[in-house]
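Please go through the structure below with the paragraphs that follow it.

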Amino acid sequence: MAESALVIDVGSGTQDILIYQPGKNLENCPKFIVPSRTQIVATQIRKATDLGEGIFLHGHLMGGGASSAALKKHVGAGLKAYATAQAAVTFNDNLAIAEGMGIVLCEEAPESATPIWLGDVDTSSLRQALEAFSLNYPLKAAVAVQDHGFSISESNRTLRFRLWEEFVMQGGDLRKLVFTQDIPEVYTRMRAVREIIPEAVLTDTGTAALLGIMADHYVKPHLDQGILAVNIGNSHTLAAAIRGERVYGIFEQHTSMLNPESLAHLIRQFQLTELTNAEIYEQGGHGATIHPEMGPGWDFVVVTGPRRSMAKSLHWYEAAPYGDMMLTGCFGILAGMGITE
């Protein structure tokens, strides 16, 4: 029987947490939907900005987004921002560019600066939360983060999609992107989580979402024919053509750049295998890739994600594996680990 596990899907807005307890229906396992760490760090930075205090960022590489925007406003207000090199790569893989943003690199906190810890997973807070509900803290953990990959010269938009393209062309097996042991060096954000939780299973949030959609009981019978799985997240929208257990094509765009009409257009072009990488990239997204064997079709479209209401008028099936759309990624992580019901 599988062990209990702390399963965390880290998004830009929320971190969605499932305490998997073997022998219990997944619907009855404890769950938490709480602000993501980047939102929490952003709040801490904004508080320091309001008080006119300098900040010292330390800890680990983590997701940017809200925290990056708060940092820019802090520096723009003429206030000091110090950071360790390990924390500074949160804002750019190239430390010279991070310094150009106004970050002063140092390894010790100046006395005048407010220390702020960076990391995608705060195990101390999680322990407190579980103890408050008389829950045991699991020994096993599995975490999904959106990892753009590390490069000091290549755009992370370009690199992230090049990694997706290689994945599709090399067979498109999502379970190979769930790392139970060694994590490829390019995935520095996943490796940073491993520094916090040494034995954690790691994967990308996109991988987790797609596997979670595939775990929906209504979706499963359609996999033999093929589905288009669409995850409309707070920051990114990812769509994949999946048949059986293989991904034949994929595209990724920033959610803020989409509306129902433009999303429907992209999906239609994708179904016809006419969507190009240039069309997505030139709009400011990551890109699109289609395997030569994909072929047209893919009429069954499934949508999930916290911004799925954008697609309401398109009448796609809304996946909610085990009755909980917000835990789609967590259920996908379990499926990627071979834990299914």
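Met-101 sits in the loop that joins helix H4 (95-100) to strand S6 (103-105). In this predicted model, Met-101 is partly exposed, its relative accessible area being 23%. Beyond the neighbours within four places in sequence, the contacts of Met-101 are Ser-68, Leu-71, Lys-72, Val-75 and Phe-91. Ala-81 is 20 residues from Met-101 in sequence, and the C-alpha atoms of the two are 9.6 Å apart.

Leu-71, one of the residues that Met-101 contacts, also belongs to the contact between helices H1 and H2. Two packed helices are described by the angle between their axes and the distance between the axes. For helix H1 (residues 37-51) and helix H2 (residues 66-76), the axes come within 7 Å and cross at roughly 15°. Angles under 35 degrees count as roughly parallel, so H1 and H2 are roughly parallel to each other. The crossing in which H1 passes H2 is left-handed. On the H1 side, the contact is made by Thr-38, Gln-39, Val-41, Ala-42, Ile-45, Arg-46, Ala-48 and Thr-49, and on the H2 side by Ala-66, Ser-67, Ala-70, Leu-71 and His-74. Sorted by class, this contact of H1 with H2 has seven nonpolar, five polar and one charged residues.

Helix H8 (residues 205-214) packs against helix H11 (residues 328-336) at about 85°, and their axes are 6 Å apart. The range from 65 to 115 degrees counts as roughly perpendicular, and H8 is therefore roughly perpendicular to H11. H8 contributes Ala-208, Ala-209, Leu-211, Gly-212 and Ile-213 to the contact, while H11 contributes Thr-328, Gly-329, Phe-331, Gly-332, Ile-333 and Gly-336. The residues in the contact of H8 with H11 comprise six nonpolar, five polar and no charged.

The largest nonpolar core has 64 residues, and Val-143, Ile-227 and Ile-242 have the most contacts inside it. Helix H6 (residues 156-169) supplies the largest share of this core, six residues. Apart from this core lies another, of 22 residues, including Leu-263, Phe-270, Ile-280 and Ala-288. Ile-242, with its neighbours within four places in sequence left aside, is in contact with Leu-210, Met-214, Leu-223, Gly-226, Ile-227, Ala-229, Val-247 and Trp-298.

Trp-298 is in the loop between strand S13 (287-290) and strand S14 (300-304). Trp-298 is not a glycine, yet it has a positive phi of about 60°. Is this residue buried or exposed? Trp-298 is buried, with a relative accessible area of 4%. Ser-134 also has a positive phi, near 55°, in a residue other than glycine. Ser-134 is placed in the loop between H5 and S8 and is exposed, with a relative accessible area of 69%.

Both H5 and S8 are among the elements that cover the buried residues of H7, as are strand S1 (5-10), strand S7 (113-118) and strand S9 (201-204). In helix H7 (residues 188-196), the buried residues are Arg-189, Met-190, Ala-192, Val-193, Arg-194 and Ile-196.

The loop between S8 and H6 holds His-148. Not counting residues up to four places away in sequence, His-148 touches Asn-156, Leu-159, Arg-160, Leu-163, His-236 and His-286. Leu-95 is 53 residues from His-148 along the chain, and their C-alpha atoms are separated by 16 Å.

Technical notes
Residues numbered from 1 in each chain as written. Predicted model: local features only at pLDDT ≥ 70, side-chain atom pairs only at ≥ 80, totals over all residues. Heavy atoms only, no water. Axes fitted to C-alpha atoms, helices over the stretch in contact; angles between N-to-C directions. Helix = DSSP H or I, 4+ residues; strand = E, 2+ residues; numbered from the N terminus. Parallel < 35°, antiparallel > 145°, perpendicular 65-115°, else oblique. Left-handed = near helix turned anticlockwise from the far one by under 90°. Contact = heavy atoms within 4.5 Å. Nonpolar A, V, L, I, M, F, W, Y, C, P; charged D, E, K, R; others polar. Core = buried A, V, L, I, M, F, W, Y, C linked by side-chain atoms within 4.5 Å. Buried < 20%, exposed > 50% of the residue type's maximum accessible area, 1.4 Å probe, protein only.
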